[in-house]
Amino acid sequence: MRETLVLNASFEPLATVSLRRAVVLVLQDKAVVERARPGLHLHSSSVELPVPQVIRLRRYVRVPFRRRAPWSRRGVLVRDRHRCAYCGRRATTVDHVLPRSHGGGNTWLNTVASCAEDNHRKADRTPEQAGMRLLRRPFEPTPSDALLLSVGAYDGERLPEWLAVPAA
């Protein structure tokens, strides 16, 4: 499970990694812990380390430019915080606003998180045809937003205070 956010030396999000990989990077002195999980520590005979939630690389890594975040069902559920776009209850499925049978595709702007009941009720129709309305419009997250969303660090509007770039 990828549960630790990795920031570049410039504080821009790069990836999410497993806890094990994050600890290895910190112990090899390639990264520093920027935010730890409150009250949790890893212990060995010679080292005590806070469980990292966010780590920052010590050296800047050049990353090829990526224009778009890749679409995925998991990404849509995370983007919408597992909340149904029609009723606000817990969402477990992904619904196509314009059904695939009507030409709609697997895109960020055409998919929303949905509870199974509303997904079934809407069926092979648009929300207007089904008499349903979206509580919020789908949006396409940037690649950086997608990474932050995946670890629950971003609400779609502003960065959390612990991730803001420090003043020079």
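1. **D95 and K122.** D95 pairs with K122 in a salt bridge, with their closest N and O atoms 3.3 Å apart. A salt bridge here is a side-chain nitrogen of Lys or Arg within 4 Å of a carboxyl oxygen of Asp or Glu. Buried means under 20% relative accessible area, exposed means over 50%, and partly exposed is in between (1.4 Å probe, protein chains only).

2. **Basis of the model.** This is a predicted model; local features need pLDDT of at least 70, side-chain atom pairs count only at pLDDT 80 or more, and totals for chains, interfaces and linings use all residues. Residues are numbered from 1 along each chain as its sequence is written, and side-chain values use heavy atoms, with hydrogens and water left out.

3. **Overall layout.** The protein has five helices and six strands. Along the sequence they follow the pattern β-β-α-β-β-α-β-β-α-α-α. Helices (H or I, at least four residues) and strands (E, at least two) are DSSP runs, numbered from the N terminus.

4. **Burial and surface.** The protein has 168 residues, and 40% of them are buried. Its accessible surface comes to about 10500 Å². Carbon and sulfur atoms account for 51% of that surface. Areas come from the Shrake-Rupley method with a 1.4 Å probe; for residues, only the protein chains shown count as cover.

5. **Contacts along the chain.** Take the contacts between residues at least 6 apart in sequence: 58% of them join residues at least 24 apart. Contact means heavy atoms within 4.5 Å.

6. **H96 in strand β5.** H96 is found in strand β5. Its relative accessible area is 9%, so H96 is buried. The side chains of H96 and N106 are joined by a polar contact of 2.5 Å. (A polar contact is a pair of N or O atoms within 3.5 Å; within protein, one must be able to donate a hydrogen and the other to accept it, and residues adjacent in sequence count only if both atoms are side-chain atoms.) Leaving aside neighbours within four places in sequence, H96 is in contact with G105, N106, N110, T111 and K122.

7. **N119 in helix α3.** N119 sits in helix α3. With 19% relative accessibility, N119 counts as buried. Beyond its neighbours within four places in sequence, N119 is in contact with T93, V94, D95 and S114.

8. **A salt bridge within helix α3.** The structure holds six salt bridges. One joins the side chains of D118 and R121 (3.2 Å, N to O). Both residues lie in helix α3, three residues apart, about one turn of the helix. D118 is buried at 2% relative accessibility. R121 is partly exposed, at 45%.

9. **R58 and D29.** The side chains of R58 and D29 also meet in a salt bridge (3.1 Å, N to O). This pair links distant parts of the chain, 29 residues apart: R58 is in the loop between β4 (48-57) and α2 (73-79), D29 in the loop between α1 (19-27) and β3 (31-43). R58 has a relative accessible area of 46%, so it is partly exposed. D29 is partly exposed as well, at 48%.

10. **Rings.** The structure holds zero aromatic pairs. Such a pair needs rings of Phe, Tyr or Trp (its six-membered ring) with centres within 6.5 Å; planes under 30 degrees apart count as stacked, over 60 as edge-to-face and the rest as tilted. F139 does have a charge over its ring: the charged end of R79 sits 5.5 Å from the ring centre. The criterion is NZ of Lys or CZ of Arg within 6 Å of the ring centre and within 35 degrees of the ring normal.

11. **R83 in a loop.** R83 is placed in the loop between α2 and β5. At 38% relative accessibility, R83 is partly exposed. Leaving aside neighbours within four places in sequence, its contacts are G88, R89, R90, A91, A113 and R136. R83 and T93 are 10 residues apart along the chain, with 9.9 Å between their C-alpha atoms.

12. **V33 in strand β3.** V33 lies in strand β3. V33 is partly exposed, at 27% relative accessibility. Leaving aside neighbours within four places in sequence, V33 is in contact with V26, L49, P52, V54 and I55. From V33 to L49 is 16 residues in sequence and 9.2 Å in space, C-alpha to C-alpha.
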